[in-house]
Amino acid sequence: MTGDTHYDLEILAELAEGLLDVDTARRVREHLAVCDPCGELLADLAAVREVLAATPTPAMPMGVALRIDKALAAEAESRRGGVGLAETPDWDELMRDAPWEQPVSTESAPEPVRLGVVSDDGTIVPARRTVARRRRWAMPAVAAAAAAVVVGTALASTSLLASGGGTSGTSGGGDVVAKSASSPPASPATSPPKDHKRAKSYSLTDSGHNYSEQDLRRPIEGLFGFRQAIDNSADAGKVDKCVSRVASRSKLATYAVDQGQYNGQEALIVASWKNKAAKRLRIDVVDPFNCKNLRKPALGHW
Amino acid sequence: MNSPPEPPSPAERPAVTDAELLAAHINGDPHAFSEIVKRHRDRMWAVALRTLGDPDEAADAVQDAFVSAYRKAATFRGEAAVTTWLHRIVVNACLDRMRRKSVRPVADDELIEAAERETPLPDQTVEREVSMEVSAALKLLPSDQRAALVLVDMMGYSVEDAAQVLQVPSGTVKSRCARGRAKLAPILSHLRNRTDLDRVSSAKGAELRDG
């Protein structure tokens with residue numbers, strides 16, 4: 001049938017996939033050799049494959065990735081019953097002797113220890129934890145434990161901090177909890193009175209991004225420099241309080257603050273200018289409740 | 001068996017395999033599963049987005065799939081690669097979604113915008129038009145043909161891998177691809193002359209014709 005009868009696209013597509021039996025395939029090929037319209041159809045079929053292959057496949061948007069992280073954290077919590085809450089290492093305490101902390105520690109008075117309450121499962125809950133929180137700060141207990149483990153591991157692997165890690169390990173949970181219960185208002189020396197009403201000198205963003213250690217080693221601008229700044233967030237006051245505390249520790253000018261997560265834990269990423277000309281910044285990662293460092297303050301660049 | 005294409009940088013091939021990570025997850029390592037997610041989420045997203053043609057639906061499907069994989073990791077028997085197993089869960093989540101309800105018709109602009117938010121296209125005009133037409137055309141196909149074409153033609157997996165993911169014989173994948181391409185050819189044929197695809201396709205056609 002090399003005359004008037006043509007083959008339809010489906011037969012030609014099956015030929016291309018090698019799905020036709022030997023005899024049929026030979027007949028179709030003989031026809032194709034003399035029939036330009038059918039040859040064109042075959043080229044159309046090949047073009048479909050090329051067009052599909054050339055269509056770009058986008059990477060997963062950050063929002064979707066974050067959503068999945070949260071769903072998996074919730075799943076982890078529901079599986080393990082939400083017990084085993086571990087406290088985050090108290091970076092303020094651990095890093096007290098670090099060179100950049102010296103000016104602060106010399107002028108800070110000993111902080112009064114506040115008592116916590118022992119909950120049913122034996123963990124000590126700071127007495128101040130009754131402050132109502134917005135839902136976005138709520139975090140699965142296991143995720144908190146996981147974050148603490150990550151931070152703890154990073155600590156142990158840093159020889160510089162080995163002694164600090166040992167102190168944390170041997171002093172037991174009670175000491176750490178007691179420290180965490182001593183809240184911002186309890187240490188007037190470290191939070192100099194600041195007028196929170198005045199205009200912010202830094203930009204505040206709310207990316208919700210889950211930062212990793214690697215993220216923070218990259219230029220920060222790529223992470224949150226381009227995001228739209230927010231002004232009148234309900235969190236602004238709370239953020240400002242933490243920013244003031246960080247500034248009082250670092251004695252540096254805060255440049256930008258982003259609300260997000262650090263290894264799955266709610267966190268404020270505070271960037272302060274160390275050397276503006278060289279675009280060098282000090283990066284503090286603090287928890288938004290007690291403004292305590294979740295990891296060692298480190299140098300970053302914009 | 002052939003596993004789906006490796007991540008782009010074989011030079012920094014991870015020291016820990018997917019199978020080891022999955023085993024660590026089953027044994028209670030709280031970080032192992034998120035590493036698996038990190039490694040494969042972009043490809044899972046691409047499969048779901050192209051199969052469903054709707055970013056919101058795709059996000060739901062991928063989330064369901066990862067949670068489901070998290071739960072049933074212990075049932076993974078190692079008879080296939082972890083990536084194949086993950087693809088299977090994602091594709092099934094997509095097909096379930098399409099079966100349960102007809103996916104909301106989505107403006108192509110929306111899909112393109114979602115795509116462009118993440119991947120700035122090198123040639124906005126041509127690629128944007130092509131991408132819009134492709135997503136619109138794919139929606140005209142029955143879901144089984146669409147899933148096969150997404151895996152084989154768009155994601156570049158072998159017919160054998162796609163057959164493992166879809167859990168059908170290779171011949172079935174080939175025939176779904178063939179029927180899908182036959183339906184798309186008249187719709188997408190005008191794109192042949194848009195780019196330099198024409199030359200390649202003709203050469204391929206000639207090769208086939210000459211046996």
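**Cores, helices and a sheet in a predicted model**

The largest nonpolar core has 84 residues, and Phe33(B), Trp85(B) and Leu184(B) have the most contacts inside it. Helix H2 (residues 32-52) of chain B gives the most to this core, with 11 residues. A nonpolar core is a set of buried Ala, Val, Leu, Ile, Met, Phe, Trp, Tyr and Cys residues joined through side-chain atoms within 4.5 Å; buried means under 20% relative accessible area (1.4 Å probe, protein chains only). This is a predicted model: local features need pLDDT of at least 70, side-chain atom pairs count only at pLDDT 80 or more, and totals for chains, interfaces and linings use all residues. Residues are numbered from 1 along each chain as its sequence is written, and side-chain values use heavy atoms, without hydrogens and water.

**Chain B**
- Chain B holds 10 helices and zero strands, where helices (H or I, at least four residues) and strands (E, at least two) are DSSP runs numbered from the N terminus.
- Of its 211 residues, 48% count as buried.
- Neighbours within four places in sequence aside, Trp85(B) is in contact (heavy atoms within 4.5 Å) with Leu22(B), Ala69(B), Lys72(B), Ala73(B) and Phe76(B).

**Sheet of chain A**
- Five strands form an open sheet of mixed pairing, in the order S3-S4-S5-S6-S7; two strands pair if DSSP finds at least two bridges between them.
- Strand S3 (203-211) and strand S7 (298-301) of chain A are the edge strands, each pairing on one side only.
- Strand S6 (residues 280-286) of chain A pairs with S7(A) in the antiparallel sense over four bridges.
- Ile283(A) has Ala298(A), in S7(A), as its bridge partner.

Methods
Chains lettered and ligands numbered in written order. Buried < 20%, exposed > 50% of the residue type's maximum accessible area, 1.4 Å probe, protein only.
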